[in-house]
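Please look through the sequence and the structure shown below before reading on. The notes that follow are arranged by topic for a reader who is meeting this structure for the first time.

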Amino acid sequence: MRYRPCALSLVFLATSFLTISAVTASAQKKPTVINPPPTAQDWADIGKLPDWSGVWNPKVTDQDAQVKTNPPPWNEVAAKKIEQMFAEEKAGRPKLIFPGCFPENHPTWMLITHNAMEILFTPGRVTMLGESDGNRLRRIYTDGRGHPDEPEPSFHGHSVGHWEGDTLVVDTVHIIPQAPLAVSEAAGVPNNGDMRVVERIHLADKDILHVDLEIFAPKILTRPWKTTRIFFRQRARKFDIVEGICVLGDYAERIDADGDHVFVPVEKTIWGNIVPKSAGATR
Amino acid sequence: MKQLVKPALALAALCGIAAGISSVAAHHSTTMFDHSKTLTIDGTVVELRWVNPHVSLSVNGTVKGSEEVAVWVMEMTSPGNLVRAGGWSRNAVKAGEKVQVDFSPLRDTSLKGGALKKVTIVATGQVFTANLRAQEMPGLE
């Protein structure tokens, strides 16, 4: 019986400890942020936005022209690399800027893509979907949120946007440092971190979309770079974007010995071109 | 039997099943092709690969000015761009069809690859091109 006071004390101490721990944990736990379900009014408001439906093709000839007319203000180190890449491209040895079918990333997708994209509006978000990479996708949050305190770097970064009249203003940060800032499919350098992109996207004409970009890349540019990229619209159904898996270029569809439909690797050059494995075939 | 062996051999020539293949998936610049040159091949379509990032057309035939019969692989832009700029579809050119292809060859002349400029289907005279910069305008039909 003499142990009874001790046992009671231990129980009291343990109970107090658990209570204090629970209160502390409760105080430290951040409130869960909920994405609320859209209301009928939210959907109605979508109808007031400008019409960006259809399929948007990039004006590649303007991309080509801006290589000379509006080059980025590269710093000395980056400029030397770009100069070397252009020399190699001209000599027929173009550098692979996107090896392994990595996405073209932001903002390079906007700058040099050859492929179509579509733009979807839903409450609180604008989504850009592109052809080719299999993961060519930008989520632009328009629900009033800011950028996250804890970055989750990605190829396309974290984008928040708001509407100023019929112009969508987008701010993007947290792009992975490996993502190139490129001006052609053979000339681009890794941004090396801290890149930020501000875009003003708007219709310049009934079927012409302008993406005005201001790119802050302090590790490779001497000052922010401004450029406008042009997209033109198609509505014919035959131009609808279909699934595009970049890595499929490395395989051929064949039927194996078991009769199964399979993918078989194809031989490619160091430049990424498919070539016949053997020199010839009998006719 | 000979009729079956020919396409099988041609298809096999396109696959690098052997160890040590170079596999570089990427969308890339096209300056590895010598765009200052245009060669013409007359032959039979082995395969049209309708995939991103580059559609390819393989043709078993003879390049003008040469006696060698060989499979050549012609590269193009993406399926979406070919539909828009060249009027293509995945069934535009079929295996077994006789074609004539104008192309710019790889600068590495040891490889039988090229950038397709134009393909003409011999039986119909139908022509498909592959210049994605050719029609940069909205509202195409």
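This is a predicted model: local features need pLDDT of at least 70, side-chain atom pairs count only at pLDDT 80 or more; totals for chains, interfaces and linings use all residues.

Over the ring of which residue does the charged end of R196(A) sit? The charged end of R196(A) sits over the ring of F216(A), at 5.5 Å from the ring centre.

**Chain A as a whole**

- Chain A has five helices and 13 strands, and 42% of its 283 residues count as buried.

**Aromatic pairs**

- Over all chains, the count comes to seven aromatic pairs.
- One of these is the tilted pair of W52(A) and F121(A), whose rings are 5.5 Å apart centre to centre, with 55° between the planes.
- Because W52(A) lies in the loop between α2 (40-46) and β1 (55-58) of chain A, while F121(A) belongs to strand β2 (residues 117-122) of chain A, the pair ties together parts that are 69 residues apart in sequence.
- Both W52(A) and F121(A) are buried, and together with W163(A) they form one aromatic cluster.
- Y251(A) and F263(A) make an edge-to-face pair, because their ring centres are 6.4 Å apart and their planes stand at 65°, where an angle over 60 degrees is what counts as edge-to-face.
- This pair links distant parts of the chain, with Y251(A) in strand β12 (residues 251-255) of chain A and F263(A) in strand β13 (residues 261-265) of chain A, twelve residues apart.
- Y251(A) counts as partly exposed, because its relative accessibility is 30%.

**A further charge over a ring**

- The charged end of R145(A) sits over the ring of Y141(A), at 3.7 Å from the centre of that ring.

**The contact between chain A and chain B**

- The contact takes 67 residues from chain A and 58 residues from chain B.
- The area buried between chain A and chain B is about 5,100 Å², and carbon and sulfur atoms give 55% of it.
- Three salt bridges are found across the interface of chain A and chain B.
- The side chains of D64(A) and R133(B) meet in a salt bridge, with a distance of 2.7 Å from N to O.

Note on methods: Residues are numbered from 1 along each chain as its sequence is written. Chains are lettered from A and ligands numbered from 1 in the order in which they are written. Side-chain values use heavy atoms; hydrogens and water are left out. Rings of Phe, Tyr and Trp (its six-membered ring) pair if their centres lie within 6.5 Å; planes under 30 degrees apart count as stacked, over 60 as edge-to-face and the rest as tilted. Helices (H or I, at least four residues) and strands (E, at least two) are DSSP runs, numbered from the N terminus. Buried means under 20% relative accessible area, exposed over 50%, partly exposed in between (1.4 Å probe, protein chains only). A charge sits over a ring if NZ of Lys or CZ of Arg is within 6 Å of the ring centre and within 35 degrees of the ring normal. Contact means heavy atoms within 4.5 Å. Buried area is the accessible area (1.4 Å probe) that two parts lose on being put together, summed over both. A salt bridge is a side-chain nitrogen of Lys or Arg within 4 Å of a carboxyl oxygen of Asp or Glu.
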